[in-house]
Amino acid sequence: YTNRVALLKGVFMIRASIRGLEIRNMKRFLGHEQEELYQGNIYYKGKRIGWYSDDAWGGCSIIDVEKAHREIIENIAKVYLAKKYPKHEFLWSADILFSEIIELTINAKFFEKQQKTDNKYVGEFSERGRFASGRVVASNTPKALEQYAKANNLTLERVFSEPKDFQLV
């Protein structure tokens with residue numbers, strides 16, 4: 001209902017999530033070297049379970065949740081990240097999972113802005129595998145995204161065409 005009301009007003013409120021885990025009220029702040037960092041409330045299946053923050057000095061993320069929720073988060077990380085990075089078990093952590101959620105949330109905000117233009121599709125690209133920083137491009141057709149990938153020697157990882165594409169399982 002909230003999303004429908006927001007859509008009627010012309011404001012999009014896409015919730016980006018991975019297996020029901022999301023960060024709401026995400027805020028950007030600068031670290032000690034002026035790098036972009038993020039923090040916000042952690043929700044699981046619509047219920048607030050804690051708080052997340054990147055560390056301003058480059059340390060491990062701050063994930064403030066009860067022990068039972070920590071186990072849920074770690075399980076989601078192992079299952080979801082094992083599929084994305086099957087050969088790199090060292091990446092199957094809560095820190096990496098929240099980095100993925102943050103990136104997905106940023107891409108959802110970009111997608112929302114593009115919906116006001118002719119660019120109804122957003123592509124997420126990688127260069128030389130999944131470890132390279134992602135690139136996101138908007139287009140008016142999926143075919144144009146494929147052409148962009150080919151012309152720039154990139155891999156088209158995902159195409160977002162509707163809000164539900166940001167709820168990953």
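Trainee: In strand 8, which residue is the bridge partner of Gly123?

Mentor: This is a predicted model, in which local features need pLDDT of at least 70 and side-chain atom pairs count only at pLDDT 80 or more, while totals for chains, interfaces and linings use all residues. Residues are numbered from 1 along each chain as its sequence is written, and side-chain values use heavy atoms, with hydrogens and water left out. Strands (E, at least two residues) and helices (H or I, at least four) are DSSP runs numbered from the N terminus. Five bridges join strand 6 to strand 8, which run antiparallel, and in strand 8 the partner of Gly123 is Val159.

Trainee: In strand 7, which residue is the bridge partner of Gly123?

Mentor: Strand 6 (residues 121-126) also runs antiparallel to strand 7, to which five bridges join it. One of the facing residues is Val122, which stands opposite Ala138 in strand 7. For Gly123, the partner in strand 7 is Val137.

Trainee: What is the order of the three strands in the open sheet?

Mentor: Two strands pair if DSSP finds at least two bridges between them. The pairing in this sheet is antiparallel, and the order is 7-6-8.

Trainee: What angle does the direction of helix 4 make with that of strand 6?

Mentor: Helix 4 (residues 142-151) packs on the sheet and touches strand 6, strand 7 and strand 8. Axes are lines fitted to C-alpha atoms, for helices over the stretch in contact, and angles between N-to-C directions run from 0 to 180 degrees. With strand 6, the angle is about 20 degrees.

Trainee: Is Ser139 buried or exposed?

Mentor: Ser139 is found in strand 7. Leaving aside neighbours within four places in sequence, it is in contact (heavy atoms within 4.5 Å) with residues including Tyr121, Ala144 and Leu145. Buried means under 20% relative accessible area, exposed over 50% and partly exposed in between, with a 1.4 Å probe and protein chains only. At 8% relative accessibility, Ser139 is therefore buried.

Trainee: What is the relative accessible area of Lys45?

Mentor: Most residues other than glycine have a negative phi. Lys45 has a positive phi, near 50 degrees, and lies in the loop between strand 3 (36-44) and strand 4 (47-53). Lys45 counts as exposed, because its relative accessible area is 63%.

Trainee: Which element gives the most to the lining of the second largest pocket?

Mentor: On a 1 Å grid over the protein atoms alone, a pocket is an open set of points where a 1.4 Å probe fits, with protein on both sides within 12 Å along at least five of seven lines; lining residues have an atom within 4 Å of a point. About 290 Å³ of space lies in this pocket, a volume filled by probe spheres set on the points, which are joined across faces, edges and corners. Of its 14 lining residues, those closest to the centre are Ile14, Arg15, Arg24, Asn25 and Lys109. Two or more residues come from helix 3 (94-114) and from strand 2 (21-30), and the most, five, come from strand 2.
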